[in-house]
Amino acid sequence: MQSAMFLALQHSQMERSDSNCQSHEEKKGKMKKTLIKDWKSRLSYFLQNSSGSPKAKDNKKGQQKAIRPSPEEAQLWSEAFDELLANKYGLAAFRAFLKSEFCEENIDFWLACEDFKKTKSPQKLTSKAKKIYSDFIEKEAPKEINIDFQTKNSIAQNLQEATHACFSAAQKRVYSLMENNAYPRFLESEFYQELCKKPQISRDPQGT
C-alpha cells in the first residue's frame, strides 16, 4: 500500500516537473521571438538612416534599398569586421545591436569620421570638426566616446585649423574597441544567428 502511494506521488511530481519544463521552454521561446522582433524594428529604422551622415536624410530617394542578405553573405561578416561595416544591411544591423547595448556612440562617431574625411571644403571641414567635437569628444558630450585625455586635448588644439587627420587617432581607438568587444558579441547574438540560418525547405505532398 505504501509502495503504491509512493509511486503515485513520484509520478505526480514527475508530471509537475515536465509541466514546469514545458512552461520554461515556452517562455524562453516567446522571449526569443520578442527579442528578434525588437531587433527587426530597430534594424528597419537604421536602414532608413543607414549612412549616418546628414546627406543620408536629405537624399533618401536616391539611396539604394538594402536587401536582406543571404545566409552565405551574412556568414562572411564573421570573417572580418571590415566585411560587416562594408555591407549596408550589416552596418545597420550592427548599429541596432549597439543601440540595444546602449553604446551606439562608437559606431555613430566612426561614421561621422568617415563622412568628415570625405569633406573637401576647408570651411565645412572646420564646422564639421567642431560639430563632431561637441557631439562626441568634449567632456559630458551627448554621445561622449571613451578615449584618453591626451587624444582629446590634441583634437581640441587642432579644431581651428582642422585637417582630414584631425580625428584619426580617436577613430582608430574606437574602431579597435568595437572590433575587440562589440563585434564578437554581435556575432553571438540571436539576431545574427537567425540571419545565418538557411531557410528550411518544406516538402509539400504532391497532388495526384
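**Reading helix packing and the core**

Me: H6 and H7 are roughly antiparallel to each other. At what angle do helix H6 and helix H7 pack?

Reply: Happy to walk through it. This is a predicted model, in which local features need pLDDT of at least 70 and side-chain atom pairs count only at pLDDT 80 or more, while totals for chains, interfaces and linings use all residues. Residues are numbered from 1 along each chain as its sequence is written, and side-chain values use heavy atoms, with hydrogens and water left out. Axes are lines fitted to C-alpha atoms, for helices over the stretch in contact, with angles from 0 to 180 degrees between N-to-C directions. Under 35 degrees counts as roughly parallel, over 145 as roughly antiparallel, 65 to 115 as roughly perpendicular, and the rest as oblique. Here, H6 (residues 105-117) and H7 (residues 122-137) pack at about 170°, their axes 11 Å apart.

Me: Which residues of H6 and H7 meet?

Reply: A contact means heavy atoms within 4.5 Å. From H6 come Glu105, Asp108, Phe109, Ala112, Asp115 and Phe116, and they meet Leu125, Lys128, Ala129, Ile132, Phe136 and Ile137 of H7. By class, this contact has eight nonpolar, no polar and four charged residues. (Ala, Val, Leu, Ile, Met, Phe, Trp, Tyr, Cys and Pro count as nonpolar, Asp, Glu, Lys and Arg as charged, and the others, Gly among them, as polar.)

Me: Is Asp115 buried or exposed?

Reply: Buried means under 20% relative accessible area, exposed over 50%, and partly exposed in between, with a 1.4 Å probe and protein chains only. Asp115, in helix H6, counts as buried because its relative accessibility is 16%.

Me: How do the axes of H5 and H6 cross?

Reply: They come within 8 Å and cross at roughly 140°, which makes H5 oblique to H6. Leu91, Phe94, Arg95 and Leu98 of H5 make the contact with Ile107, Asp108 and Leu111 of H6. Its residues divide into five nonpolar, no polar and two charged.

Me: How many residues has the largest nonpolar core?

Reply: In soluble globular proteins, nonpolar side chains tend to be buried together. A nonpolar core is a set of buried Ala, Val, Leu, Ile, Met, Phe, Trp, Tyr and Cys residues joined through side-chain atoms within 4.5 Å. The largest one here has 44 residues, and Phe109 and Phe167 are among those with the most contacts inside it. H9 gives the most to this core, with eight residues.

Me: Where does Phe167 lie?

Reply: Phe167 is in the loop between helix H8 (149-158) and helix H9 (168-187), and with 2% relative accessibility it counts as buried. Leaving aside residues up to four places away in sequence, Phe167 touches Phe109, Cys113, Phe116, Ala129, Ile132, Tyr133, Ile137 and Ile155. Tyr133 is 34 residues from Phe167 in sequence and 9.2 Å from it in space, C-alpha to C-alpha.

Me: Over which residues does pLDDT stay under 50?

Reply: pLDDT is the predictor's confidence in each residue, from 0 to 100. Where it is low, the predicted coordinates should not be read in detail. It stays under 50 over residues 50-63. The chain mean is 79, and 64% of the residues reach 70 or more.

Me: How many helices and strands are in the chain?

Reply: There are 10 helices and zero strands. Helices (H or I, at least four residues) and strands (E, at least two) are DSSP runs, numbered from the N terminus.
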